[in-house]
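The sequence and the structure are shown first.

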Amino acid sequence: MIFDTHAHYTSHHFDSDRHALLQSLPGQGVAGVVDCAVDYATSQQELALAAQYPFVYAALGIHPESLIEEDTSTRLQFGGNWRAELQAIRPLYEHPRAVAVGECGLDYHWPVPKEEQQALFEAQLRCALEMDKPVLVHDREAHADTYAFLKKYRPKGILHCYSGSADDAVWLAKQGMYLGFGGTLTFKNARKAREAAAALPLEAIVLETDCPYMAPEPYRGRRNDSSMILYVAQMLAQIKSISVQEVLRVTQQNAERLFGI
């Protein structure tokens, strides 16, 4: 069975058919989905989805890009005051369907003030440790600083859409992090990701979509959904020289162990 550890079904890309699609996923072999918030508003929406669908769980938090995107509650409701927003999110973690802190992390691709996003990431790492919850970590063009925070706080969680080296993947796994692989693993130019996956034990890997983004081959460029993890599992099975069923079984177990499901 498929367990998608990182999705965004609250995205506007699903507005036309969100509920029809979610209702169809168990019939396509999807056993679990962790849907990820990017701000206070989507944190509330994640809990509503999780309450409606028994296979959906919620990750609540503030994405670094929310500091600059004009349509986020970080800007619209809290005027850019992420500290007040995080305080508003804190009580939501008491909900039994809230299983993780995130999506949080660092993104140096976009012009988000570095000091502010580092402070936000550090605050969410502390929050996760206080509540004994895993973190879902976003790391885009920020490996050195992301790794420094992970070394300092040693959280449990997932480094989502892993794009680092095989050597870094190994020490991150030894520290207790899981590495998340999605559609990019199937891309023709994904040598680095495949080397990292090959270097890791299967027990350190989880599967994800980041849907609606990052659809795997042969659907690259189209809207992604959790059923398409099958193509990622097929690539990982090829890398590991094992069956697709074994990949899905172990990665599902890894996800359920991490999230306490």
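Which residues does Trp82 touch, not counting residues up to four places away in sequence? In this predicted model, Trp82 touches Ile62, Leu67, Thr74, Glu116, Ala119, Leu120 and Ala123. Trp82 lies in helix H4, which covers residues 82–89. With a relative accessibility of 4%, Trp82 counts as buried. From Trp82 to Ile239 there are 157 residues in sequence and 41 Å in space, C-alpha to C-alpha.

**Nonpolar cores**

The largest nonpolar core contains 72 residues, and those with the most contacts inside it are Tyr9, Leu159, Tyr162, Phe181 and Leu207. Helix H9 (residues 229–240) supplies the largest share of this core, namely six residues. There is also a second, separate core of 14 residues, which includes Val99, Ile158, Ala255 and Phe259. In soluble globular proteins, nonpolar side chains tend to be buried together.

The surroundings of Tyr162 can be given in detail. Leaving aside neighbours within four places in sequence, Tyr162 is in contact with Tyr147, Asp168, Ala169, Leu172, Leu179, Gly180, Phe181 and Ala196.

**The largest pocket**

The largest pocket holds about 1100 Å³ of space. Its lining consists of 35 residues, of which His63, Glu65, His138, Asp210 and Tyr213 lie nearest the centre of the pocket. The elements that give two or more residues to this lining are helix H2 (40–52), strand S5 (135–140) and helix H8 (191–199). Of these, H2 gives the most, with four residues. By class, the lining of the pocket has ten nonpolar, 15 polar and ten charged residues.

**Cysteines**

How many disulfides does the model have? The count comes to zero. Cys161 is in no disulfide, and the nearest cysteine sulfur, that of Cys36, is 12 Å away. For Cys211, the closest cysteine sulfur is also in Cys36. The distance there is 9.2 Å, which is too far for a bond; a disulfide requires sulfur atoms within 2.5 Å.

**Backbone geometry**

| Site | Backbone feature | Angle |
|---|---|---|
| Gly102 to Glu103 | cis peptide bond | omega near 15 degrees |
| Cys211 and Pro212 | cis peptide bond | omega about 20 degrees |
| Cys161 | positive phi | phi near 50 degrees |
| Met214 | positive phi | phi about 60 degrees |

Glu103, at one of the cis bonds, lies in strand S4, residues 98–107. Pro212, which is joined to Cys211 by a cis peptide bond, lies in the loop between strand S8 (205–207) and H9. Met214 is likewise placed in the loop between S8 and H9. With a relative accessibility of 31%, Met214 counts as partly exposed, and its phi is positive although Met214 is not a glycine.

Where does Cys161 lie? Its place is in the loop between strand S6 (157–159) and helix H7 (166–175).

Terms used. Residues are numbered from 1 along each chain as its sequence is written. This is a predicted model: local features need pLDDT of at least 70, side-chain atom pairs count only at pLDDT 80 or more; totals for chains, interfaces and linings use all residues. Side-chain values use heavy atoms; hydrogens and water are left out. On a 1 Å grid over the protein atoms alone, a cavity is a set of points where a 1.4 Å probe fits but cannot get out, and a pocket is an open set with protein on both sides within 12 Å along at least five of seven lines; lining residues have an atom within 4 Å of a point. Grid points are joined across faces, edges and corners, and a volume is the space filled by probe spheres set on the points. Ala, Val, Leu, Ile, Met, Phe, Trp, Tyr, Cys and Pro count as nonpolar, Asp, Glu, Lys and Arg as charged, and the others, Gly among them, as polar. A nonpolar core is a set of buried Ala, Val, Leu, Ile, Met, Phe, Trp, Tyr and Cys residues joined through side-chain atoms within 4.5 Å. Buried means under 20% relative accessible area, exposed over 50%, partly exposed in between (1.4 Å probe, protein chains only). Contact means heavy atoms within 4.5 Å.
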